[in-house]
Amino acid sequence: MKQINVRVDDDAAAVIEQRAEAAGLSVPEYAKQVLTDEGNDLRHRFLAAGAHFVDEFADAFAEEFGTPAGGTRSATAA
């Protein structure tokens with residue numbers, strides 16, 4: 001197993017610690033999950049396909065099924 005050491009500033013470290021705690025993980029476990037997810041090509045392809053669907057069919061979908069209250073209509077706006 002490989003080890004990766006990353007230096008971040010104090011503000012970034014605080015945010016990472018907060019997110020790890022919110023996820024119920026230690027900082028190393030959280031970092032491993034984030035990096036693993038980022039490196040997952042299938043995940044990126046799935047998210048890109050979802051964004052494409054929203055961009056192409058959001059208006060027709062909303063016309064047929066309505067939109068949720070407070071929802072967004074474009075995946076690319078995020």
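Trainee: Where is proline 28 found?
Mentor: This is a predicted model, and in it proline 28 belongs to helix α2, which covers residues 27-38.

Trainee: Why does proline 28 count as exposed?
Mentor: Its relative accessibility is 61%. The term exposed applies over 50%, so proline 28 at 61% counts as exposed.

Trainee: How far apart are proline 28 and glutamate 17 in space?
Mentor: Their C-alpha atoms lie 9.6 Å apart, with a separation of 11 residues in sequence.

Trainee: Which residues lie nearest the centre of the largest pocket?
Mentor: They are Ile4, Pro28, Ala31, Lys32 and Leu35, out of 18 lining residues. The space in this pocket is about 600 Å³.

Trainee: Which element gives the most to the lining of the largest pocket?
Mentor: That is α2, with eight residues. Both α1 (10-23) and α2 supply at least two residues each.

Trainee: How do the lining residues of the largest pocket divide into nonpolar, polar and charged?
Mentor: There are 12 nonpolar residues, two polar and four charged. Pro28, one of the residues nearest the centre, belongs to the nonpolar class, because Pro is listed there.

Trainee: What is the average pLDDT of the chain, and which element has the lowest mean?
Mentor: The chain averages 87, and 88% of the residues score at least 70. Among the elements, helix α3 (residues 41-65) has the lowest mean pLDDT, 90, while α1 has the highest, 97.

Technical notes: Residues numbered from 1 in each chain as written. Predicted model: local features only at pLDDT ≥ 70, side-chain atom pairs only at ≥ 80, totals over all residues. Heavy atoms only, no water. Helix = DSSP H or I, 4+ residues; strand = E, 2+ residues; numbered from the N terminus. Buried < 20%, exposed > 50% of the residue type's maximum accessible area, 1.4 Å probe, protein only. 1 Å grid on protein atoms, 1.4 Å probe; cavity = no way out; pocket = protein on both sides within 12 Å on 5 of 7 lines; lining within 4 Å. Points joined across faces, edges and corners; volume = space filled by probe spheres on them. pLDDT = per-residue confidence, 0-100.
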